[in-house]
Amino acid sequence: MSITSLDKDLESLTLTLIADFDAPAERVWQLWADPRQLERWWGPPTYPATFDEHDLTPGGNVTYYMTSPEGETHRGWWRIASVNPPKSLEFSDGFADKDGNPVAEMPVTTMQLQLTEHDGGTRMELRSAFDSLEQMEQLVSMGMDEGLRLAVGQIDAILAEN
């Protein structure tokens, strides 16, 4: 597995995952830029993701849902803040109701993706920033950290196919 660390920093209200891949940044970027490839890893293995809308431009929207083993769907959304292919992406990430509308009672995180050259491959840093310790604790208690670890853990197999 390529995940080198998953750090919860309660002081800075961040959760940061670092993973190293034996592939160029352009290839790792495609795992974000192509919704069909993103579907193959964004959700944990038992909660596969399906992307309905995927507009990776500043101000663009991304909508998706993950399906549980029991067939229940859990929806989410992204609002794209900035994009610099194949190096970085920043977006707000939140929960949605069955109609795809943001759920106001649930936390919204700011996610920052950085892809950099590292040891002949690519280092992916994915940082989630929270507005409060309570929001961070709520999402971690829902399994955000383990879900992220399981999701990113699927990337190596996808990269090995090419």
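L13 lies in the loop between β1 and β2, where helices (H or I, at least four residues) and strands (E, at least two) are DSSP runs numbered from the N terminus. The phi of L13 is near 55°, a positive value in a residue other than glycine. At 17% relative accessibility, L13 counts as buried; buried means under 20% relative accessible area, exposed over 50%, and partly exposed in between, with a 1.4 Å probe and protein chains only. The structure is a predicted model, in which local features need pLDDT of at least 70, side-chain atom pairs count only at pLDDT 80 or more, and totals for chains, interfaces and linings use all residues. Residues are numbered from 1 along each chain as its sequence is written, and side-chain values use heavy atoms, with hydrogens and water left out.

The loop between β1 (3–9) and β2 (14–21) also holds E11. E11 is exposed, with a relative accessible area of 79%, whereas L13 is buried. In sequence E11 and A23 are twelve residues apart, and their C-alpha atoms are separated by 33 Å in space.

A positive phi of about 50° is found at D119, which is not a glycine. Most residues other than glycine have a negative phi, and most peptide bonds are trans. D119 belongs to the loop between β7 and β8 and is exposed, with a relative accessible area of 77%. The hairpin of β7 and β8 has two residues between the strands. These strands run antiparallel and are joined by nine bridges, β8 covering residues 121–129; two strands are taken to pair if DSSP finds at least two bridges between them. Within this pairing, L126 in β8 is the bridge partner of L113.

The loop between β5 and β6 contains P86, and the peptide bond from P85 to P86 is cis, with omega near -5°. K87 is found in this loop between β5 and β6 as well. Although K87 and V28 are 59 residues apart in sequence, their C-alpha atoms are 9.6 Å apart in space. Leaving aside neighbours within four places in sequence, K87 is in contact (heavy atoms within 4.5 Å) with W29, L113, Q114 and L115. S88 is placed in strand β6 and is buried, with a relative accessible area of 14%. With neighbours within four places again set aside, the contacts of S88 are W29, S82, V83, L113 and Q114.

The largest nonpolar core has 40 residues, and those with the most contacts inside it are W32, W41, W42, W78, M124 and V152. Such a core is a set of buried Ala, Val, Leu, Ile, Met, Phe, Trp, Tyr and Cys residues joined through side-chain atoms within 4.5 Å. Helix α1 (residues 25–33) provides the largest share of this core, five residues. Not counting residues up to four places away in sequence, M124 touches L17, I18, A19, F21, W32, L113, Q114, L115, V152 and I155. In soluble globular proteins, nonpolar side chains tend to be buried together.

The largest pocket has a volume of about 740 Å³. Of the 30 residues that line it, Y64, M66, F95, M142 and M144 are the closest to its centre. On a 1 Å grid over the protein atoms alone, a pocket is an open set of points with protein on both sides within 12 Å along at least five of seven lines, where a 1.4 Å probe fits, and lining residues have an atom within 4 Å of a point. Grid points are joined across faces, edges and corners, and the volume is the space filled by probe spheres set on the points. At least two lining residues of the largest pocket come from each of β4 (61–67), β5 (73–84), β6 (88–96), β7 (109–118) and α4 (144–152). By class, the lining comprises 17 nonpolar, nine polar and four charged residues; Ala, Val, Leu, Ile, Met, Phe, Trp, Tyr, Cys and Pro count as nonpolar, Asp, Glu, Lys and Arg as charged, and the others, Gly among them, as polar.

Strand β4 also includes T63, which is buried, with a relative accessible area of 17%. Beyond neighbours within four places in sequence, T63 is in contact with T50, F51, D52, E53, G76 and W77.
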